[in-house]
Amino acid sequence: MLRYIVNRFIQMVVVFFLFLIISYLLFDAIPGNAFQNLLLNPSLPPYAYEETIALYGLDQPLSVRLQKYIVNFFKGDLGYSYIQFPKTAIELIAERLPRTLMLFSVVNILAFYTGFFVGKILAWRRGSKSETWITITSVFSYTVFYPWFALLMLWFFGLRMGWVPIGKFLTPSKWYDSPFDSDVVFLEMIKYMVIFSVLYFVITLLTKEIESLNLRRNIRLGSFFALLFISNFYWNTGQLSEMRFYAGDIAYHTILPVLTVTIVAFAGTALLTRTTMMEVLKDDYILTARAKGLSQKRIRDRHAARTALLPVVTSFIFTIVTIIDGSVLTETIFSWPGMGQLILESVLREDIPVAMASFSFIGVFALIAHFLADVSYAFLDPRIRIKSQG
Amino acid sequence: MSDIILDVQNLSMHYETLEGNVLAVKDVTFNVKSGESFGLVGESGCGKTSVAMTLLQLQPENSVISEGSIKLDGKELIGLSENELRKVRWDSISIVFQGAMNAWNPVIKIGEQIREALREHYPENSKQTNIDKINQLFKMVGLDESTANRFPHELSGGMKQRAVIALALSCDPKIIIADEPTTALDVVIQDQILNEIKKVQELLGLSLIYISHDIAVIAEMTDKIAVMYAGSIVEIGPTSEVFNSPKHSYTKALLDSTPSIKGEKKKLKSLDGEPPSLINKIEGCSFAPRCPNRNISCKPERDMKLIEVGHDHFVDSCSLGENYE
Amino acid sequence: MSKNLIEVRNLAKHFEISNSFFTGKKKIIKAVDEVSFNIKAGESLGLVGQSGCGKTTTARSLCLLEPKTSGSVNFFNPEKNIMESIDAIDEDGMRVFRRNMQMIFQDPYESLNPRWTIKDIIKEPLDIHNIGSLGEREEAIVEILRTVGLTPPENYLQRYPHEISGGQRQRVSIARTLIMKPKFVICDEPTSMLDVSIRISIMDLMLNLAKELDVSYLYITHDLAVARYMCNRIAVMFNGKLVEIAETEELLNNPIHPYTKRLISSIPIPDPGYKRERYEVNFDELDKIISSNPNEKMVDIGNEHLVATHDTKDFFIET
Amino acid sequence: MLFVVFAMVVVACGNTSDDTADDVVEESSDTTEPAAESEAPATTVASSSAPDGVFKLAIFQDPATQNLFKWYDTDTDAYSLYQMTGQSVSLFGISYPNYTLIPSMATELVETSTDNGDGTFSYSVPIVEGYEWSDGNPITANDWVFTYNTAKGLPLLGQWAAVWPSNCEVECVTNVEAPDDYTVKITFNYDPGLTGWQYGAAVAPALSQAYWEQFATSREDLLAVSGADAPVASAFVYEKIEQGAFYTWTYDPDTMYFGGETTNYANGGVAISQDNGVAPAVSGEFGDLSGESFTYANGPFVGQVEFSIYNDQDSAYLAFENGDVDFVLNPSGVKRATYEKLSRIPGTEVISNFSNGMRYMAFNTRVFPGSNKAYRQAVGCIVDKDYVINNVLQGVAINMDGQMPAALTSWVAPVTGVLKECADLSSAEKWEKSIQILQDAGWQATDWGEHPGGSERAIAPTGLKGPNGEAMPENMLLYAPGPGFDPIRSTFSLFVADYMQQLGVDIVARPTGFGVIVDKVFTAATCKDWDVYMLGWGLSAFPDHPTNFFDGANDTCVNEGFNTTGYNGPDGYQNPEFAELVSQFKGAKSVSEAQSLSKQMEALLFEDMPYLVLVTTPILEVYKDNISFPFTNMLDGLQQLSGNPSNVSVSD
């Protein structure tokens, strides 16, 4: 196992190295550079442009630049932004990342959950009318033209019904006097979510050994509400009590993008779950479970869905990778400037250090996710462990 | 020994498919007494598994029980709601499925899967009670206690099958249905499993319904057998009597086609043709098209009906000659 | 009898596997270990043993589906009329070998390409070995279908595997195997997936074909009753080693090796009145003894009855 | 952070009945009871006269910086500049309603230089005394000196070379001095005219020395300053910056602009009167103070300006419709469909202005037949632009004949030459006139064809030959962007090609990618490989573009490529008379002189027609009727003035 991990790691480094080089070459292949717009100013003498690109080293041959870039990269120096000099690429990413992370972790977990739940129901109620309708809806949301749909949602819920704000991640007038930057609030919210999830996870683990199913469920439900209750105190402590108003505003703005992306994103998981679960339902142990006299819900959730979960989780881990690069559209339409916007802007304006850093970030993210997918699959499915020995 | 624990009367069941109704079980009547081993033998597709499924009311959704009654310990099973059935399943009647390899959920530990049944039927049990019970069961079927913490794939086929038997026994059922429990196991393991079943059955005084296509196994395992063909029982009676004086041509054909390592090496007789399609109702004798003794001593046009030919030995009327009406 | 068709000497096949998921240590599994036997022309040898004892691996090594680790396999080349080692033969010899050595598998459905018609399936070996003209191939197909009892052949030519029954599918695989007119066919439990009534007809078919076409079988099974019906001689295999070989009736009536005895005792008898003798063997002990005597030779106790003669006291469990 | 997500997934997997993630979100929103009402936006120092109300603008991009030094250096994004207009002062300014040059900090329009005798020339400009930066420091001549020296000394890069040219291998500013606190003396190594002086150094930015000096140690340090706290010389200072979400400006109680009055005259004159009790009284009159006029009072009239950032135009207009913003600051204006839709919604004002730009067709005057003047004139005459604009384009574009947008009234030259002669003719007459022009110039044809009259298509001449017997090339192409890129030029190209065919020219319109056209016509290597193309220009506040387009020295064939000399002359127009006017224009010292020269140049262009100017387009904008602008009628629309926040008033 250890050797497997080491091998995979070396493989990842090599892939990443190639990824870096290829990305750099691709960016270099885009005509022009970040300072080309200087040329469009008729009153600007040519030397202004030449001096500028010389300062940023853009006048040097590709091989020299690439070599320097790679060396600096592995020293941890991802360079200054061309456009936002002297901010570094890392600073820019650090600024944008919490927003993207917040929105898309919520969206992805929700989409996964909804998708898994819907898929489960679909497979279970195979042949019923509700299955037909949910399937049609899922296929619709799976294939819908996303920008159009997002605008439609904005129009309906924001403008027509007036329930949610139109775009943006906060209401400016509420933030005029805020003592915090939104980034700080975002980080606090993420921190809270992590604490909440970890606590709940621990509770789930602790209650695993309770023999009575009803008791187990009640304890979990009870502790969930207890956590909610404690959360209230949590958000009342110190700085957080001032921050909760702003966190609330951000949460309010999260609703529509989360809803929209979830509607679009759940369908993939739902349809995949449906397929895998229908396969699982044909398996003999489902019949055994029924013969044992287990309740329908228990068979569905514990036996069928649990096994069907494996491929779904894997596919989900792979889609986590697309969180950032797939966020361009969402971030644009919902005016949620995060990593997606950063990538878009930096590529459009040929701010190569920032673009490279963003892409490297995604690349590392992707590689780690795939690596985790492999490893976790091996751990989640006891069967894989044996197979890998043969 | 003589009290009837399972009484199946005139059971008919069909599957509704796009091509038409598949008449899987036709007018099947039999009973199982307390502590008795009852064998159900026949080729694949003859309806024996459908009977087993119907006994537990686990038949697929597209199946319809058109007629008949299943009384378990005097209680009618047909028409019970899913929740009522859940109480009966495993508690009174449990099953060891064909292809036991796949009877285990691959991602849940063996012990957990057995405990699950215990929890469902004995919600008041403490965890320790359940664990003790499982250990006891494992001991009974010759498994180590540590098996409870293993995943299914970590066990060999034989161990898995032993564990399945432990699972089937977990809720102290009155009847166990064993549906081809040793198919796909090799002979030595099969021998061990059969032994185990016999031992447990005697120990606990259970009734056993043993379903198989293997005449040799049935011969060893059962007190009484029913031979099924095309959804119907064509011959039923005490095992020794059916083997020693088979009356139905199909029973004879089955016996003639089974190789043995004992006795003279004899030329076996093959049975040509295929079982009939069950989609359409068959008039008269369903075995007639393949019957090697057709029209010699039987009346294939006669409707199928079981006629007693010896003590507790019944055979399909159309395979009998003129004397039986 | 006649001359040898196959001579197997000290055949071995070892697998290397990771012993542990975490450390990656290697362990060698001797799937087939020092196995020797001969098969004469027209003779059928049953290879009997439990699952995982190395029967299938032996077969796969024999027909070069898997490279063997050591040992020699000699094959009678009917064109040159000599025995040739399969390690040393030239391309032409290999072609002859391939044509004369065929295999029938356990699951007829899995071994037939579901997208091909019966005709395509049967024709494939002819195409590969480029035998006969197109017309001759067609004729050969019709002929072989008739031989395996799929009549009238025209009804089957254009059908797909899923359109016919399990017994018919196994007939198709036999037809595909025999169309090459091989001298030697390895059968890996060809009837274990079939229903009782059909099983006998397939077994009879194979027996008849062996007589008609002068084919030898290596018949792999775990069921001695089937082996008795099909084979002249039976070889008993345990954990990669042969423990006993003899003429069928000799073996059944006079088993020497405890493992053979155990196998025989585990076969149910289709007679409710018959009470089998219980005979238990401690397989772990047996395995230890065998692996501690790697150079054990088999001893002929007469009547061409060979048996491995290691000390058998320890694993004997009297019942 | 992946582990977080992963942990949540594990939770999700471990528990199949509850929905953790969902509840986490809801929970967050549950905890928001305390309703801290947003307080009235006002600064603590605001006097009782501080105006009320918030003017809300939508912008499409997060301004990259609030540091004007940095903007000129590396960030040239238009939105960033909108944010920083108040951070600098300049000597002269532009009055946007009619694009007139006016003094800003200068007390007068200084148009003449002093010859220093050593080859350098200086301008000395007195500036207004008593104006202050928002931090209370006075605005003095030293701010100019500091800004120039900083740009030159660090050195700063990018556009600084254009606003304060200091590389003296070419024409540059050699020195900026402050003889006294309120006189700025700028010295050049040549005698600059309008381009270098009035529209150059005189409008160049000067930033507060008192604030920026501490950072001007190196380029990196200077550019690293956020700039949000920098003092401004306008009506608002930065209040709150929430990166990526919004920016606010709040009223600067010390603003020097409050309450002044500006009067604009139709002929380009401007009268300024400033006496608000905060800043010193100033009054001045510039330009031609005749013709119609309108007067507006200077703001600010709102206490706060809020810039909301929307990344998507459609959602920005949804927010506008919802009343979240009052005005969408959109450089390209609103799309026509959205404009139509919004115009039907109560409370929405719609305005339409002309953009400061033109679309044109250029002949390749280097190769026959483009080299023949009569040919160009004949094409110019026969093309019925009015017909295409009114009947085909349905008024989405506006006819443009000369080089100057109609809004620059004092620059517009009267139409002369064939365009004037052919203007009112019927299509048959235009055809005949065009044929006449060709015949008069000695063109020959086998058969001159005829026009059946009315709206019929003419029977084209055959066997057309140039005056010296040159054969007309076959299969000529008219490059124009495709309908997806610009339907206007695409449509025009089809009609123009048809008109030219009626003259016997073998030409077809070829829809071509924008980049492909640019590449072909602006590259020296291919400068003779094309016949006719259609493109467009966006124009600057100072209308000196004809000198760039038609100066023979800018010929693409002479200069290597597009990227080294800025503007080019892809048409290859060479006319010594025009070149002479260009050099006079560059040395012109006064606007009126420049205008006169510009009109002479235009007359030549009307005669020679290297370009056939086609149309300009309207720029459409919308705003909520709870706000009002002092004027909405201006070239390039309200976005040119960033929505004019300091003059906007808001009603409830």
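This is a chat about how to read some features of a predicted model with several chains.

Colleague: What should I know before I start?

Modeller: The model is predicted, so local features need pLDDT of at least 70 and side-chain atom pairs count only at pLDDT 80 or more, while totals for chains, interfaces and linings use all residues. Residues are numbered from 1 along each chain as its sequence is written, chains are lettered from A and ligands numbered from 1 in the order in which they are written, and side-chain values use heavy atoms, with hydrogens and water left out.

Colleague: Okay, chains. Which pair of chains shares the most contacts?

Modeller: First the term: contact means heavy atoms within 4.5 Å. There are 4 pairs of chains in contact, and chains A and D share the most contacts. Chain B and chain D have no contact, and their closest C-alpha atoms are 13 Å apart. No contact joins chain C and chain D either, with 23 Å between their closest C-alpha atoms.

Colleague: How do I read a core?

Modeller: The general idea is that in soluble globular proteins, nonpolar side chains tend to be buried together. Buried means under 20% relative accessible area, exposed means over 50%, and partly exposed is in between (1.4 Å probe, protein chains only). A nonpolar core is then a set of buried Ala, Val, Leu, Ile, Met, Phe, Trp, Tyr and Cys residues joined through side-chain atoms within 4.5 Å.

Colleague: And which residues touch the most other members of the largest nonpolar core here?

Modeller: That core has 212 residues, and the ones touching the most other members are L91(D), W144(D), W164(D), I186(D), W197(D) and Y533(D). Take Y533(D): leaving out residues up to four places away in sequence, Y533(D) touches Y360(D), M361(D), A362(D), Y479(D), I517(D), V521(D), P570(D) and Y611(D).

Colleague: Now the backbone. Where are the cis peptide bonds you'd show me?

Modeller: One joins L154(D) and P155(D), with omega about -15°. P155(D) is in the loop between α5 (141-153) and α6 (160-163) of chain D. Another joins F368(D) and P369(D), with omega about 5°, and P369(D) sits in the loop between β17 (357-363) and α11 (373-382) of chain D.

Colleague: Which residue in chain A has a positive phi without being glycine?

Modeller: S335(A) does, with phi near 45°. Look for S335(A) in the loop between α14 (327-333) and α15 (339-348) of chain A. S335(A) is buried, at 0% relative accessibility. In chain B there is Q57(B), with phi near 55°, in the loop between α1 (48-55) and β4 (63-72). Q57(B) is buried too, with a relative accessible area of 10%.

Colleague: How do I find empty space?

Modeller: Rolling a probe the size of a water molecule over the atoms shows where empty space is left.

Colleague: Last one: which cysteines does the disulfide join?

Modeller: A disulfide is a covalent bond between the sulfur atoms of two cysteines. The cut-off used is a pair of cysteine sulfur atoms within 2.5 Å. The search finds 1 over all chains, joining C381(D) to C422(D) with S to S 1.9 Å. The link of C381(D) and C422(D) is left-handed, with -100° about the S-S bond. C381(D) lies in helix α11 of chain D and C422(D) in helix α13 (residues 417-422) of chain D, so the pair ties together parts that are 41 residues apart in sequence. C381(D) is buried at 0% relative accessibility, and C422(D) is buried at 2%.

Note on methods
Helices (H or I, at least four residues) and strands (E, at least two) are DSSP runs, numbered from the N terminus.
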